[in-house]
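Hi,

Here is the structure I promised to pass on.

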Amino acid sequence: MSDIGDWFRSIPAITRYWFAATVAVPLVGKLGLISPAYLFLWPEAFLYRFQIWRPITATFYFPVGPGTGFLYLVNLYFLYQYSTRLETGAFDGRPADYLFMLLFNWICIVITGLTMDMQLLMIPLIMSVLYVWAQLNRDMIVSFWFGTRFKACYLPWVILGFNYIIGGSDFVLFFPFVSPSFCTRYRWLPSRRGGVSGFGVPPASMRRAADQNGGGGRHNWGQGFRLGDQ
């Protein structure tokens, strides 16, 4: 048990709480402590009965059963894997930015869910994070099942088809429209960090390696000339 506890504490903070909620809420529904009927996102109940908790519970709930357990576990793995990579990579040292990204994506997903009658939002939010990671590492070669290899930019679409085949999910209609939303936001409002802006900020490990290899991260801008010199 101590090994599991150490592993859980080693997960970055935001990913850790997200992962824990995505395990706890389905467990509560499975044990019958709360009726699953109160955990789905139903537009009528949310808009007209003022059951304002539904967008939150629908983000963490998934009806785990004999026919959906594998799909749930696979997407739980995607959550852990790619949220951890983002939080410790592109968003290393910037937890507020990562939380803002998740909140921005979540709002887009909730609006889409209400308009398209999507009752479960767990997989769409996970897929939005995977999409952002794939865009940041679009030229990286990744491996999927059965030894298939392709560029990371294609990974969201492969997993989209994979989820549809093994589970059949209504977020297929949602994904092409909402997943790029955060990338658009970053083009409009780029971050500025150490003189480098936008999505191209390397992870901290790469910056430390560059500093050790010389230059301390400073740019060599070349030699200047006085005005009038020939």
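This is a predicted model: local features need pLDDT of at least 70, side-chain atom pairs count only at pLDDT 80 or more; totals for chains, interfaces and linings use all residues.

How far does helix 6 reach from its first C-alpha to its last?

Helix 6 runs over residues 95–116, and its 22 residues reach 31 Å, close to the 32 Å expected at 1.5 Å a residue. Its buried residues are Y98, M101, L102, N105, I109, V110, T112 and G113. They cover an arc of only 170° around the axis, so they sit on the same side of helix 6. Turn to the other side of the helix and you find A96, L99, I111 and T115 exposed. Just after helix 6 comes D117, with a positive phi of about 60°.

Now the core. The largest nonpolar core has 41 residues, and those with the most contacts inside it are W18, L86, Y98, M101, W133 and L155. Two or more residues each come from helix 2 (13–31), helix 5 (69–88), helix 6, helix 7 (122–136) and helix 8 (155–166). Helix 7 gives the largest share, ten residues.

L86 is a handy place to start if you want to click around in there. Not counting residues up to four places away in sequence, L86 touches F91, D92, Y98, M101, V129, V132, W133 and L136. Three of the residues with the most contacts in the core are among those partners: Y98, M101 and W133.

Over in helix 8, have a look at I159. I159 is buried, with a relative accessible area of 0%. Leaving out residues up to four places away in sequence, it touches F78, M127, L130 and F144. Of these, L130 is 29 residues from I159 in sequence, and the two are 9.4 Å apart in space, C-alpha to C-alpha.

Cheers

How values were computed. Residues are numbered from 1 along each chain as its sequence is written. Side-chain values use heavy atoms; hydrogens and water are left out. Helices (H or I, at least four residues) and strands (E, at least two) are DSSP runs, numbered from the N terminus. The expected span of a helix is 1.5 Å times one less than its number of residues. Buried means under 20% relative accessible area, exposed over 50%, partly exposed in between (1.4 Å probe, protein chains only). The arc is that of the directions from the helix axis to the C-beta atoms. A nonpolar core is a set of buried Ala, Val, Leu, Ile, Met, Phe, Trp, Tyr and Cys residues joined through side-chain atoms within 4.5 Å. Contact means heavy atoms within 4.5 Å.
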